[in-house]
Amino acid sequence: MGEYRETFKRTEQKYLLDEQTYRKMIKELSGYAKVDQYGKTTICNIYYDTPDHKLVRRSLEKPLYKEKVRVRSYGTPSKGSTVFVELKKKYDGVVYKRRVDMSLEQSDAFSSERILPMKNPQIEKELAYCFSLYEGLAPAMYLSYDRIALYANDDPEVRITFDSNVIYREKALDLSRGVWGSELLDKGERIMEIKIAGAMPMWLVRILDKLDIYPTSFSKYGAAYQKEMTNKNMEKESVYCA
């Protein structure tokens, strides 16, 4: 993936688009933003949580402060591949993200035995503290999606991403096991996310207003968790009724 940033501070706003609105949005953006050097990328994640799913349940309550821990890869990794261990915090609408690169094997050793590669001691200590704070923190869900990312012509800090083909599963929680599982979104739906370090540019405000696109509160992990809980409850009811 070339150079990468280890720390971020920005606001992130999500929007849920149908196929028609997505195509209109891409057309409107053509004069203001361009696709980044990676084009379409498959992003794979393992989200960590406690046995009672404390992190995702707290996130769904929409508190002032929340955090999540995940391991991310770009594409399906194999032995020796680089992955990113990330700690993402959100306070009062502002996102703070810390991440450090590790080999796939190092990330496994970190999550299971808390062995630190010491590539960035400060970030790794923050991650280690999070693991000590939440008892039983462990892989809880695999989640992947295809992403197209654009950045503004006049400000590369303004990024607009479109995620589709969102896949999740609660078993085989290993990034190297590949992309498979259940679909999260309806056919043609995409999650658009606008990531900015400052104020949203007026040209982008005008486009959103023109297309009647409004923000929504949406978490991929949260939505997948809720969908799984609904499915499990339906199964229990089916067994009970039988």
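A pocket here is an open set of points on a 1 Å grid over the protein atoms alone, where a 1.4 Å probe fits, with protein on both sides within 12 Å along at least five of seven lines, and its lining residues have an atom within 4 Å of a point. The model is a predicted one, so local features need pLDDT of at least 70 and side-chain atom pairs pLDDT 80 or more, while totals for chains, interfaces and linings use all residues. Residues are numbered from 1 along each chain as its sequence is written, and side-chain values use heavy atoms, with hydrogens and water left out.

Start with the second largest pocket: 27 residues line it, and Lys14, Lys66, Lys90, Ser217 and Phe218 lie nearest its centre. It holds about 620 Å³ of space (the volume filled by probe spheres set on the points, which are joined across faces, edges and corners). At least two lining residues come from each of β1, α2 (54-60), β3, β4 and α6 (220-241); helices (H or I, at least four residues) and strands (E, at least two) are DSSP runs, numbered from the N terminus. By class, this lining splits into 9 nonpolar, 8 polar and 10 charged residues, with Ala, Val, Leu, Ile, Met, Phe, Trp, Tyr, Cys and Pro taken as nonpolar, Asp, Glu, Lys and Arg as charged, and the others, Gly among them, as polar.

The largest pocket comes in at about 900 Å³. Its lining has 38 residues, and those nearest the centre are Phe8, Arg10, Tyr74, Arg99 and Arg159. Strand β2 gives the most, with 7 residues. Charged residues number 18 in this lining, alongside 15 nonpolar and 5 polar.

Now for the rings. The whole structure has 6 aromatic pairs (rings of Phe, Tyr and Trp, the last by its six-membered ring, with centres within 6.5 Å; planes under 30 degrees apart are stacked, over 60 edge-to-face, the rest tilted). One of them, Tyr47 with Tyr221, is stacked, at 5.0 Å centre to centre and 25° between the planes. Tyr47 sits in strand β2 and Tyr221 in helix α6, so this pair ties together parts 174 residues apart in sequence. Tyr47 is buried, at 3% relative accessibility (buried is under 20% relative accessible area, exposed over 50%, partly exposed in between, with a 1.4 Å probe and protein chains only). Tyr221 is buried too, at 6%.

Phe110 and Phe131 pair edge-to-face, with centres 5.3 Å apart and planes at 75°. Ring pairs join both to Tyr48 in a cluster.
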